[in-house]
Amino acid sequence: MIPIPRSLQRSPDMTDTMEYAAEAADPQLLSPGEGARVLADAPWKRLAVLGDSGAEGVTEAYEGYRHLPWAERFIQEMRTVQPDLEVLKLGLRNLFAAQVRETQLAPALEFRPDLAVVFCGGNDMLQRHFDVDAVESELSLIITPLRESGCTVVTSGLFDITVSPYVDERYRKPMSERIAAWSERTKQVAERLGAVHVDLPRHPAGNEEIFSTDGLHLNARGQAILCTEIVRSLGQHLRSR
């Protein structure tokens, strides 16, 4: 192999900066080294991710950003302070909240996580009849045993995707109302059970280009913002202990 002269070598950081310039300059994202600083005292060594397509990280590419779901980004941030972090990713698209509880709670508890992220309820909202009380109950049934085991749990509200151009005009008002109702219920459950909540409905990027063209999920930029808000919410949690 012919060695490449040092003057012609390009570091991975330089390559990333050039290829993902928009991500590097995005004011809504973590600044260089911020994640490590915010999570410096993070004690968590076992992460479980439960839920539907939001937990799975269904997404699509967005120019100037790494094509990574939020969980992969978050794992990278966590491993800057916990290099041996163990991860169990259970998130699977198309599941209702009850199915998340039925299929994912037991393996998550068996894994014995000390940190869990729980995202579910989105598919329930898309049905003709949306019973927000029933979905709230399911979320409580998932979070309660995790909290009782000593696990820190993260939940999140939802960006109002109806502001994107990819949602049919006919569905915008009822879907927006459902998103607001479910986000508020999720926040209430988190407060009641002592979970860490990410309040996405109030995020300033909610009206920006963060949505996939399927009209349902976050694009790569939206995923990066979600990861950022999880990191910052956990940092605030650590400072408040």
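This is a predicted model: local features need pLDDT of at least 70, side-chain atom pairs count only at pLDDT 80 or more; totals for chains, interfaces and linings use all residues.
Figure 1. Helix 5 spans residues 70-78, and its buried residues are Trp70, Ala71, Arg73, Phe74, Ile75 and Met78. Two of these, Trp70 and Phe74, are also listed among the residues with the most contacts inside the largest nonpolar core.

**Figure 2. Contacts of tryptophan 70.** Which residues does tryptophan 70 contact, leaving aside its neighbours within four places in sequence? The list holds Val49, Gly54, Ala55, Gly57, Val117, Phe119, Gln223, Leu226, Cys227 and Ile230. Tryptophan 70 itself is one of the buried residues of helix 5.

Figure 3. Helix 10 (residues 220-240) gives the most to the core, with 9 residues. In soluble globular proteins, nonpolar side chains tend to be buried together.

**Figure 4. Salt bridge between arginine 66 and glutamate 23.** The structure holds 19 salt bridges. In the one shown here, the closest N and O atoms of arginine 66 and glutamate 23 are 3.0 Å apart. Arginine 66 lies in the loop between helix 4 and helix 5, and glutamate 23 in helix 2, so this pair ties together parts that are 43 residues apart in sequence. Arginine 66 is partly exposed, with a relative accessible area of 24%, whereas glutamate 23 is buried at 11%. Side chains of opposite charge can pair when their charged atoms come close.

**Figure 5. Salt bridge between lysine 173 and glutamate 177.** The side chains of lysine 173 and glutamate 177 meet with an N to O distance of 2.6 Å. Both residues belong to helix 9 (residues 169-193), where they are 4 residues apart, about one turn of the helix. Lysine 173 is exposed, with a relative accessible area of 57%. Glutamate 177 counts as partly exposed, at 47% relative accessibility.

**Figure 6. Salt bridge between arginine 232 and glutamate 229.** Here the closest N and O atoms are 3.7 Å apart. Arginine 232 and glutamate 229 both lie in helix 10, 3 residues apart, about one turn of the helix. Is each partner buried or partly exposed? Arginine 232 is partly exposed, with a relative accessible area of 27%, and glutamate 229 is buried, with 15%.

**Figure 7. A salt-bridge network.** Asp133, Glu136, Arg185 and Arg192 are linked in a network of salt bridges.

**Figure 8. Cysteine 120 and cysteine 151.** How many disulfides does the structure hold? The count is 0. Cysteine 120 is in no disulfide, and the nearest cysteine sulfur, that of cysteine 151, is 14 Å away. Seen from cysteine 151, the closest cysteine sulfur is that of cysteine 120, and the 14 Å separation is too far for a bond, since a disulfide requires the two sulfur atoms to be within 2.5 Å. Cysteine 120 is buried, with a relative accessible area of 7%. Cysteine 151 is buried too, with a relative accessible area of 0%.

Figure 9. Asparagine 94 is not a glycine, yet its phi is positive, about 75°. Asparagine 94 sits in the loop between strand 2 (86-89) and helix 6 (97-111). At 57% relative accessibility, asparagine 94 counts as exposed. Arginine 112, likewise a residue other than glycine, has a positive phi near 60°. The loop that holds arginine 112 runs between helix 6 and strand 3 (115-119). Arginine 112 is exposed, with a relative accessible area of 66%.

**Figure 10. The annotated segment, residues 49-225.** An unreviewed UniProt entry places the feature "domain: SGNH hydrolase-type esterase" at residues 49-225. Over this segment the chain is 45% helix and 11% strand. The end C-alpha atoms of the segment are 18 Å apart.

Methods: Residues are numbered from 1 along each chain as its sequence is written. Side-chain values use heavy atoms; hydrogens and water are left out. Helices (H or I, at least four residues) and strands (E, at least two) are DSSP runs, numbered from the N terminus. Buried means under 20% relative accessible area, exposed over 50%, partly exposed in between (1.4 Å probe, protein chains only). A nonpolar core is a set of buried Ala, Val, Leu, Ile, Met, Phe, Trp, Tyr and Cys residues joined through side-chain atoms within 4.5 Å. Contact means heavy atoms within 4.5 Å. UniProt positions are given in the numbering used here, feature names are shortened, and annotations may be inferred rather than shown by experiment. A salt bridge is a side-chain nitrogen of Lys or Arg within 4 Å of a carboxyl oxygen of Asp or Glu.
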